[in-house]
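My notes follow the model itself.

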Amino acid sequence: MIRPARAEDLPRIAEVEAAAFSTPWSVHSFRALLPLDRVVFRVLEVEGVILGHGVLWQVGDEGEVANIAVHPLARRRGFGSRLLEHLLSEARAAGVTRVFLDVRPSNLDAIRIYRRRGFRPVGRRTDYYRDPVEDALVLRLDLEGPDADAPAPTDPDPHLPSSNPPI
Ligand SMILES: CC(C)(COP(=O)(O)OP(=O)(O)OC[C@H]1O[C@@H](n2cnc3c(N)ncnc32)[C@H](O)[C@@H]1OP(=O)(O)O)[C@@H](O)C(=O)NCCC(=O)NCCS
């Protein structure tokens, strides 16, 4: 199940986060999100164990997927896609019409999920990430309109790499 994150979840969220990223967010950063209105902060829990989390924040009618992570031992079971879908539907319900996110161009596992959901590349931020230094690819999804947020067609996208290295 996917549910709102609570204070008592934070140690486990930090564990999943540390297993997922080279520069993980701290417990303190996650804690600061809990009271915020315009933040969708959710955990995915299976049989009482948190296996993933997602964060989307909203500014006006714009949303940003700020964090999405699944524990390495729980990947490739659809949890990441479910978390993403959940964040997007909450965003849409809150009036968000376009969603952005940053992703490492080398993070093809994540990029595939985003592309399948309809995100498209709209820009690049030079040397945006640390450990290791890497550009960020900026992806965008429009939620407005009757079918605007339907899953994307499977046509190849010339802007994105097609091989499958690790994160
Ligand atoms: C990106 C991330 C969240 C994806 O999580 P995930 O739970 O593995 O995602 P999913 O299971 O939805 O999809 C991943 C793959 O598993 C496949 N999959 C889903 N359900 C499956 C199942 N039941 N059996 C086999 N494969 C399955 C999906 O088709 C997808 O494969 P494909 O991309 O080759 O088509 C995860 O890899 C992660 O935490 N990475 C580190 C943090 C990170 O990079 N976050 C994003 C930053 S922008």
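I began with what covers the buried residues of helix α1, and found that the cover includes α2 (27–33), β2 (39–46), β3 (49–59) and β4 (62–70). I took contact to mean two C-beta atoms, placed from the backbone, within 7 Å. Helices (H or I, at least four residues) and strands (E, at least two) are DSSP runs, numbered from the N terminus. The buried residues of α1 (residues 10–20) are Leu10, Ile13, Val16 and Glu17. They sit on the same side of α1, because they cover an arc of only 120° around its axis. That arc is taken over the directions from the helix axis to the C-beta atoms. Buried means 20 or more other C-beta atoms within 10 Å of a residue's own; exposed means 12 or fewer, and partly exposed is in between.

Two notes on ground rules. This is a predicted model, where local features need pLDDT of at least 70 and side-chain atom pairs count only at pLDDT 80 or more, while totals for chains, interfaces and linings use all residues. Residues are numbered from 1 along each chain as its sequence is written.

Next I checked confidence. pLDDT is the predictor's confidence in each residue, from 0 to 100. The mean is 90, and 86% of the residues reach 70 or more. Over residues 158–167 the pLDDT is below 50, and this stretch has 14 contacts in the model beyond near neighbours in sequence. Where pLDDT is low, the predicted coordinates should not be read in detail.

Then the overall layout. I counted 4 helices and 7 strands. Along the sequence the pattern runs β-α-α-β-β-β-α-β-α-β-β. Of the 167 residues, 26% are buried. Among contacts between residues at least 6 apart in sequence, 60% join residues at least 24 apart.

Which residues touch the most other members of the largest nonpolar core? They are Leu87, Ala91, Val99, Leu101, Val103 and Tyr114, out of 33 residues in that core. α3 (79–93) gives the most to this core, with 6 residues. A nonpolar core here is a set of buried Ala, Val, Leu, Ile, Met, Phe, Trp, Tyr and Cys residues joined through C-beta atoms within 7 Å.

I followed two of those members. Ala91 touches Val40, Leu56, Gln58, Gly63, Val96, Val99 and Leu143, leaving out residues up to four places away in sequence. Val99 belongs to strand β5. Val99 counts as buried because it has 26 C-beta neighbours inside 10 Å. Beyond four places in sequence, the contacts of Val99 include Gly63, Leu88, Ala91 and Leu141. Val99 and Asp142 are 43 residues apart along the chain, yet their C-alpha atoms are separated by 6.4 Å.

Just after α4, Gly118 takes a positive phi of about 110°.

Last, the ligand. It is surrounded by 19 residues, and the closest are Arg75, Arg76, Gly78, Gly80 and Ser81. A residue counts as near if its C-beta atom, placed from the backbone, lies within 6 Å. α4 supplies the largest share of the shell, 4 residues.
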